[in-house]
Amino acid sequence: MKNYEVTFIVDSVLSGDDIKATAQTYVDFLKKEGCTIVHIDEMGLRQLAYPIKKRTTGVYYCIEFEAPTGALIADLELHMRRDERLLRFLTVALDKYGVKYNKDKREGRIGKKKKKGDEAEKAAPAQKAEAVAPKAEAKVAAAATEAKAEEE
């Protein structure tokens, strides 16, 4: 089985049901051809980097699947070229590193995590308070020592 990923942009002018039906069309096509759907990622409405067909936004979808052979890719892309609801599409063959990366991303090992700098900033006020207390105690002790020295 070969691993592939197809990403496509659906025209955002369509209704929500039409957008989902468009994505479902390609999922059904892949299943009919004997592919195993690994993951469907609806990335949602996004701003395009440049206008495509006089549109500035689009709904992004990414479908990761396993295919028995690569012969169906030509048919899939032909259907996508003829579909006026799609603005753009890209089909990519995944190697073992791409498959592992996608799996790790789905499991949360890759992605948005707290930075070490954020934790240090949260801990900094507490550390400052702890650091101020010994300094204040040292000043009080120094003042007491000076007072004793003056008395003598």
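Predicted model: local features only at pLDDT ≥ 70, side-chain atom pairs only at ≥ 80, totals over all residues.
A crossing of two helices is called right-handed if the near helix is turned clockwise from the far one by less than a right angle, and left-handed if the turn is anticlockwise.

Select helix α1, residues 16–32, together with helix α2, residues 72–82, and look along the place where their axes come within 11 Å and cross at roughly 155°. Because angles over 145 degrees count as roughly antiparallel, α1 is roughly antiparallel to α2. The crossing in which α1 passes α2 is right-handed.

Sorted by class, the contact of α1 with α2 comprises six nonpolar residues, one polar and one charged.

Then move to the largest pocket, which holds about 260 Å³ of space, and select its lining, made up of E5, H39, D41, M43, C62, E64, Y101, N102, K105 and R106. Colouring by element, you will find that β2 (36–52), β3 (55–67) and α3 (96–106) each supply at least two residues of this lining, and that α3 gives the most, with four residues. Coloured by class instead, the lining of the largest pocket divides into five charged, three nonpolar and two polar residues.

Terms used: Residues numbered from 1 in each chain as written. Heavy atoms only, no water. Axes fitted to C-alpha atoms, helices over the stretch in contact; angles between N-to-C directions. Parallel < 35°, antiparallel > 145°, perpendicular 65-115°, else oblique. Nonpolar A, V, L, I, M, F, W, Y, C, P; charged D, E, K, R; others polar. 1 Å grid on protein atoms, 1.4 Å probe; cavity = no way out; pocket = protein on both sides within 12 Å on 5 of 7 lines; lining within 4 Å. Points joined across faces, edges and corners; volume = space filled by probe spheres on them.
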